[in-house]
Amino acid sequence: MSWIDLAFYVLAGIAVVSGWRVFRTDSMVRASFLLLLSFLAVGAVMLLLGAVYLGVALFFMMAVEMLVMALFMVMFMMNPAGLNPMNMVHQPRVAAAAGVIAFAALAGMALVADFPERRPAAGTDVVRALGTELLGDSMLVFESAGVALLATMIGVVVLSARTGRFGPSDEGSCPPGLDPGGLPAGAPSGGEDGSGHGHHHHH
Amino acid sequence: MNEVLLPTLVVLSTLLAGAALVAVLDQAVAGMIAGRPVRGLLSATFARGMLLWLRPDSTTEHPDALLWRLAPAAYLVLAALGLAVVPWSADFVPVRLPTGVVLWGAVEALATVVIFLEGWAPNAPLPLLGGYRHVAAGLSYILVSMFVLIGVALPAESLSFDAVIDSQQDLWNVVRQPLGLPLFLVVGLGIGVWGPLRFADAADLAGGTTAETSGPRRLAWALGRGAMLVAFSAVAASAFFGGWLGPWLPGPMWLLLKMLLVLVLLVVIGRLLARMAPERFVGLAWLLLLPLSFVDLLWAGLLALYG
């Protein structure tokens with residue numbers, strides 16, 4: 001077994017185990033960054049396969065993506081700062097079935113499919129070849145995906161902005177109570193009284 | 001064996017010696033600005049490092065202990081990864097990667113993750129605030145950095161640092177793309193948690209991400225910030241000052257001199273400019289720096305096409 005084989009097995013192990021831990025952990029932040037770890041291992045496997053651009057781009061994309069995901073999940077959840085434990089699994093039976101079916105289909109494809117036997121020449125510039133493909137034959141698909149993503153991003157910003165299309169987003173909104181049925185944190189309890197009290201203490 | 005050992009030694013010793021140098025430089029610049037005599041800085045820096053090292057380790061209630069230990073180490077590893085793809089001469093590149101420029105982009109993104117996790121791991125309010133502040137700043141400057149780096153790769157028609165340096169034979173990018181270096185320096189301050197962008201472990205949060213950390217981990221974090229600045233300086237020197245190119249002296253000497261220049265720039269900026277309010281920086285990054293980076297990219301593209 002060469003060191004490349006060894007590296008592959010170690011990285012594949014990391015990818016699978018951290019992918020599994022995503023669903024066993026109890027925190028959104030941990031789940032996001034375990035998924036990132038899984039993707040980093042997959043990116044390294046792609047480097048082993050000689051995909052120098054796709055592998056490194058995966059590091060880059062996934063790092064930003066998981067960071068944004070963790071940040072926004074915490075921002076939009078009532079769980080303060082992502083620190084409280086919470087169950088990371090929903091509809092576990094359906095999810096497990098879907099996972100098994102997807103895995104079987106992909107693994108089956110890898111085993112049965114008739115992959116072409118074209119070995120690239122030793123000096124092939126894979127980065128240039130990929131660029132030519134993306135902005136040549138596959139340009140329509142590539143650019144359509146790009147424009148769709150851009151439209152999604154603009155849509156999300158418009159919907160989530162404070163001055164979004166539904167008016168000021170914090171108008172009438174109220175954080176949950178500190179005790180069941182109690183007053184929310186930071187609520188102007190009794191209007192003037194609460195804020196006046198606060199002022200007093202700031203001296 | 002020499003193919004593995006020598007590059008590893010060069011990268012690690014540059015990072016560690018560089019991190020110490022950054023600490024000394026920082027004190028020297030601070031002293032000069034304040035008009036204090038600058039003497040005995042080396043021993044004072046060493047003593048401060050030892051003080052951090054020898055302080056008893058502290059802990060918090062229910063921390064993520066593994067992550068708390070891993071975060072400073074990961075920060076150092078990322079600095080080493082970034083420095084490893086920078087060529088020292090035409091023949092000596094620790095890791096010759098055709099997509100080195102993209103790897104540096106990944107280092108910037110992952111460093112933001114690591115800084116956040118350093119703040120998240122102790123399970124305490126001030127570190128967490130520091131971590132979130134840095135995420136907001138990081139997400140803002142990573143985009144700027146991406147466009148600046150694409151601008152640098154355009155005249156080279158390649159994503160490897162070899163080609164980027166080679167494209168500066170006649171004219172350095174610092175002249176050819178005048179907006180590039182100033183924008184990229186902002187990124188350097190961010191990734192090293194330095195000066196005006198020192199949001200994560202700032203004094204106004206009583207130490208922020210490091211508020212609950214002491215002992216060897218605290219020293220490792222301080223070293224990591226210096227090491228990250230060193231790695232950044234090597235990348236900036238290669239992207240904007242022609243890297244190892246230069247007359248008379250051998251390539252590695254030129255690279256080291258240019259790295260020193262970038263480090264001095266960063267340290268002086270760090271001591272002259274006050275820390276911004278994080279929300280003001282986010283506004284500045286999205287409303288001014290990002291459009292400027294578009295202009296930089298457009299400029300680089302037009303120059304590559306018609307220049």
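The structure is a predicted model, and the predictor assigns the complex an ipTM of 0.90 together with a pTM of 0.87. For chain B the average pLDDT is 92, with 100% of the residues scoring at least 70.

**Contact between the chains**

- On the chain B side, 20 residues are in contact with 17 residues of chain A.
- Two helices of chain B, H4 (100-120) and H5 (125-156), each supply at least two residues of the side that touches chain A, and H4(B) gives the most to that side, with 11 residues.
- Sorted by class, the side of chain B that touches chain A comprises 16 nonpolar and four polar residues, and it has no charged residues.

**Domains of chain A**

- Chain A is divided into domain 1, covering residues 1-82, and domain 2, covering residues 127-165.
- The C-alpha centres of domain 1 of chain A and domain 2 of chain A are 23 Å apart.

**Helix H2 of chain A**

- Helix H2 of chain A (residues 28-48) has 21 residues, which at 1.5 Å a residue should span 30 Å, and the distance of 31 Å between its end C-alpha atoms agrees with that expectation.
- Most of H2(A) is covered, since 16 of its 21 residues are buried.
- Gly50(A), which lies just after H2(A), takes a positive phi of about 90°.

Technical notes: Residues are numbered from 1 along each chain as its sequence is written. Chains are lettered from A and ligands numbered from 1 in the order in which they are written. This is a predicted model: local features need pLDDT of at least 70, side-chain atom pairs count only at pLDDT 80 or more; totals for chains, interfaces and linings use all residues. Two residues are in contact if their C-beta atoms, placed from the backbone, lie within 7 Å. Helices (H or I, at least four residues) and strands (E, at least two) are DSSP runs, numbered from the N terminus. Ala, Val, Leu, Ile, Met, Phe, Trp, Tyr, Cys and Pro count as nonpolar, Asp, Glu, Lys and Arg as charged, and the others, Gly among them, as polar. Domain bounds come from an automatic or database domain assignment. The expected span of a helix is 1.5 Å times one less than its number of residues. A residue is buried if 20 or more other C-beta atoms lie within 10 Å of its own, exposed if 12 or fewer, and partly exposed in between; C-beta atoms are placed from the backbone. pLDDT is the predictor's confidence in each residue, from 0 to 100.
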